[in-house]
Amino acid sequence: LHPSRNRTRLAIPLRRHRRAPSPQAPSMSGTGSDLTVGFACRVVQVGDVVKTGYLTKLGGVKDGKGGSWKRRFMVLREDLYYYQDEEAYLRGADPKGVIKLNAFFATIHEEGEHYLFTIHALPRSLTCRADNEDDMHQWVDAINTLGHTA
């Protein structure tokens, strides 16, 4: 873009974590109108596994109506795949679902909500519950630092 032309800016909400930020967490410097936000990203080749593990996901939510919680084995690659269980993944079964991570970010729910976080992705978001706080932060950090090769 030419420097004199207007540029569209994308605002992504940042939430502060209670623990020390990881080396790949967003960094901020400056004050006022000179505030700079930097993000690190992890470049992932198609097919590379970034993280695996069990999460409990909220499913069946349509048009604001209730859903149910289901424990699934998650595999984070260039997208987030979820399977019935680890055995299904290991034997090569098709995933039960896929969250496309073309445009996305993850946020942690307010404290006291039992390790909940949401992956905001287009066209579909997914709310998950981790087993503990460390696991929740590991998933959110892994998702938020995920990048794609061109």
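In the predicted model, 7 strands form an open sheet in the order β7-β6-β5-β4-β10-β9-β8, with antiparallel pairing; strands are DSSP runs (E, at least two residues) numbered from the N terminus, and two of them pair if DSSP finds at least two bridges between them. From one strand to the next, the twist averages 35 degrees. Residues are numbered from 1 along each chain as its sequence is written. Local features need pLDDT of at least 70 and side-chain atom pairs count only at pLDDT 80 or more, whereas totals for chains, interfaces and linings use all residues, and side-chain values use heavy atoms, with hydrogens and water left out.

Strand β4 (residues 51-59) is joined to the antiparallel strand β10 (residues 126-129) by 2 bridges, and T56 has R129 as its bridge partner in β10. Strand β8 is mostly covered, with 4 of its 5 residues buried (under 20% relative accessible area, 1.4 Å probe, protein chains only).

The loop between β5 (68-76) and β6 (80-83) contains E78. This residue, E78, is buried yet has no salt bridge (a side-chain nitrogen of Lys or Arg within 4 Å of a carboxyl oxygen of Asp or Glu); R77, the nearest side chain of opposite charge, is 5.5 Å away. The side chain of E78 instead makes a polar contact with that of Y81 (3.1 Å), such a contact being a pair of N or O atoms within 3.5 Å, one able to donate a hydrogen and the other to accept it.

Note on methods. Buried means under 20% relative accessible area, exposed over 50%, partly exposed in between (1.4 Å probe, protein chains only). Lys and Arg count as positive and Asp and Glu as negative; His and the chain ends are not counted. Axes are lines fitted to C-alpha atoms, for helices over the stretch in contact, and angles run from 0 to 180 degrees between N-to-C directions.
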